[in-house]
Amino acid sequence: MPPQVQQFVDTLNAALPLEGYLVVGAIMFAIGAWGALIRRNAVVVFMCIELMINAVNLSLVSFADYLPDAGGFGAGYAVLVIAVAAAEVAVGLAIVLAVYRSRKTVNVDEVNLLKG
Amino acid sequence: MVIAFVFLASMTLICSLGVVLSRSIVHSALFMSGAFLGIAGFYVMLNAPALAAFQVLIYVGAVTVVILFGIMFTQKPQARHFRTIISKQLWPGFFVTAGVGAFLAYIVTIQDWSGSEPGNGMRSVGQLGETLLGVNGAPEIFGLLFEVASVLLLVAVIAAIVVSRRKTGEGIDRGVEE
């Protein structure tokens with residue numbers, strides 16, 4: 001195998017730096033925040049919040065894998081975050097259903113009364 | 001590694017953009033499960049295969065199905081125009097969140113990560129279980145967090161039932177007829 005090809009293959013097989021995962025997590029968090037700000041449908045707002053939670057989880061797990069002093073405990077925190085996010089989805093969708101029953105809409109721009 | 005990373009990163013980010021920008025809510029939900037699958041692939045790359053299995057089971061399986069049920073219950077005629085799904089904050093929101101994303105990416109890039117090597121994570125499921133219970137060298141706080149998470153799940157399930165159930169004595173199809 002010629003040396004250039006070997007070098008290219010080595011580059012492809014090399015371990016990635018930590019920044020790669022963190023930047024992906026940051027961009028995904030920003031996309032989720034954007035969606036949570038601009039979308040009108042409450043269900044889509046929930047999906048975007050899930051995206052943000054997943055981005056943070058990705059950062060946690062990559063820190064746990066890369067930092068020597070982390071001891072890999074970030075995966076444990078990630079499991080707890082997944083449990084809390086599941087609870088949040090259950091309660092949030094129940095609230096959306098209750099709002100839909102009383103107001104006939106899930107548009108967050110139209111749901112503007114705390115009582116009524 | 002690089003090929004897998006580029007593939008997973010583009011899949012995750014494109015699916016995330018699809019969630020935000022697609023007109024159909026069902027397409028948003030399917031894009032969301034695609035983004036979750038990409039994250040599961042990242043977990044495999046990061047030496048956390050058990051977490052990847054959790055991700056596929058809980059997010060791609062359960063959360064997507066629950067959200068699809070939510071969409072079914074609140075279904076409306078499809079939005080024809082892009083404007084109707086977007087609130088007035090489209091461009092202000094874009095600039096604010098682009099600033100946040102650029103700032104976060106800048107912060108993590110200028111940081112000196114020398115000395116960090118992949119492979120410190122725990123590959124085995126048994127180690128993850130011991131960590132979650134706070135035994136065998138793991139911080140003991142994990143035991144407390146485990147209990148708190150289980151109580152939180154119980155409370156959340158009860159709260160979901162209480163919030164979403166129909167009031168008694170108001171007809172079984174109160175939500176549909178009105």
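Which exposed residues does the face of α1(B) turned away from its buried side carry? In this predicted model, that face holds B:I3, B:V6, B:F7 and B:S10. The buried residues of α1(B) are B:L8, B:A9, B:T12, B:C15, B:S16, B:V19 and B:V20. Viewed down the axis of α1(B), these buried residues fall within an arc of 145 degrees, so they line one face of the helix. The cover over the buried residues of α1(B) includes α2 (18–38) and α3 (42–66) of chain A, together with α2 (25–45) of chain B. The length of this helix was also checked. Helix α1 of chain B comprises residues 2–21, and its 20 residues should span 28 Å at 1.5 Å a residue. The end C-alpha atoms are 28 Å apart, which agrees with that expectation.

Chain B as a whole contains eight helices and zero strands. From the N terminus on, its elements therefore read α-α-α-α-α-α-α-α, if the order is written out. Of the 178 residues of chain B, 25% count as buried. Among contacts in chain B between residues at least 6 apart in sequence, 42% join residues at least 24 apart. The chain is divided into domain 1, covering 1–77, and domain 2, covering 122–167. The centres of domain 1 and domain 2 of chain B, taken over C-alpha atoms, are separated by 23 Å.The UniProt record, an unreviewed entry, lists residues 6–22, 29–46, 52–73, 94–113 and 141–164 of chain B under "transmembrane region". Two of these spans were examined in the model. Over residues 29–46 of chain B, the chain is 94% helix and 0% strand, and the end C-alpha atoms of that span are 26 Å apart. Residues 141–164 of chain B are 100% helix and 0% strand, with end C-alpha atoms lying 34 Å apart.

Residues 141–164 also form helix α7 of chain B. This helix has 24 residues and reaches 34 Å from its first C-alpha to its last, close to the 34 Å expected at 1.5 Å a residue. The buried residues of α7(B) are B:F142, B:A156, B:A160 and B:S164. They pack against α4 (74–103) of chain A together with α6 (125–133) of chain B. B:S150 is found in helix α7 of chain B as well, but B:S150 is exposed, with 11 other C-beta atoms within 10 Å. B:S150 and B:S116 are 34 residues apart in sequence, and their C-alpha atoms are 33 Å apart in space.

The contact between the two chains was considered next. In total, 73 residues of chain B are in contact with 70 residues of chain A. On the side of chain B that touches chain A, the elements giving two or more residues are α1, α2, α3 (49–73), α5 (90–110), α6 and α7 of chain B. By class, this side of chain B has 53 nonpolar, 19 polar and one charged residues.

On the chain A side, α2(A) is one of the helices that cover the buried residues of α1(B). Of the 21 residues of α2(A), 17 are buried, so the helix is largely enclosed by the rest of the structure. At 1.5 Å a residue, α2(A) should span 30 Å, and its end C-alpha atoms are 31 Å apart, which agrees.

Helix α4 of chain A contains A:Y100. This residue is buried, with 21 other C-beta atoms within 10 Å. Leaving out residues up to four places away in sequence, A:Y100 touches A:T105, A:V106, B:F73 and B:T74. A:Y100 and A:V44 are 56 residues apart in sequence, while their C-alpha atoms are 14 Å apart in space.

One backbone angle in chain B was also noted. Most residues other than glycine have a negative phi. Phi of B:N47, however, is near 60 degrees, a positive value in a residue other than glycine. B:N47 has its place in the loop between α2 and α3 of chain B. B:N47 is partly exposed, with 19 other C-beta atoms within 10 Å. A residue counts as buried if 20 or more other C-beta atoms lie within 10 Å of its own, and the 19 found around B:N47 leave this residue partly exposed.

Definitions and conventions: Residues are numbered from 1 along each chain as its sequence is written. Chains are lettered from A and ligands numbered from 1 in the order in which they are written. This is a predicted model: local features need pLDDT of at least 70, side-chain atom pairs count only at pLDDT 80 or more; totals for chains, interfaces and linings use all residues. UniProt positions are given in the numbering used here, feature names are shortened, and annotations may be inferred rather than shown by experiment. Helices (H or I, at least four residues) and strands (E, at least two) are DSSP runs, numbered from the N terminus. The expected span of a helix is 1.5 Å times one less than its number of residues. A residue is buried if 20 or more other C-beta atoms lie within 10 Å of its own, exposed if 12 or fewer, and partly exposed in between; C-beta atoms are placed from the backbone. The arc is that of the directions from the helix axis to the C-beta atoms. Two residues are in contact if their C-beta atoms, placed from the backbone, lie within 7 Å. Ala, Val, Leu, Ile, Met, Phe, Trp, Tyr, Cys and Pro count as nonpolar, Asp, Glu, Lys and Arg as charged, and the others, Gly among them, as polar. Domain bounds come from an automatic or database domain assignment.
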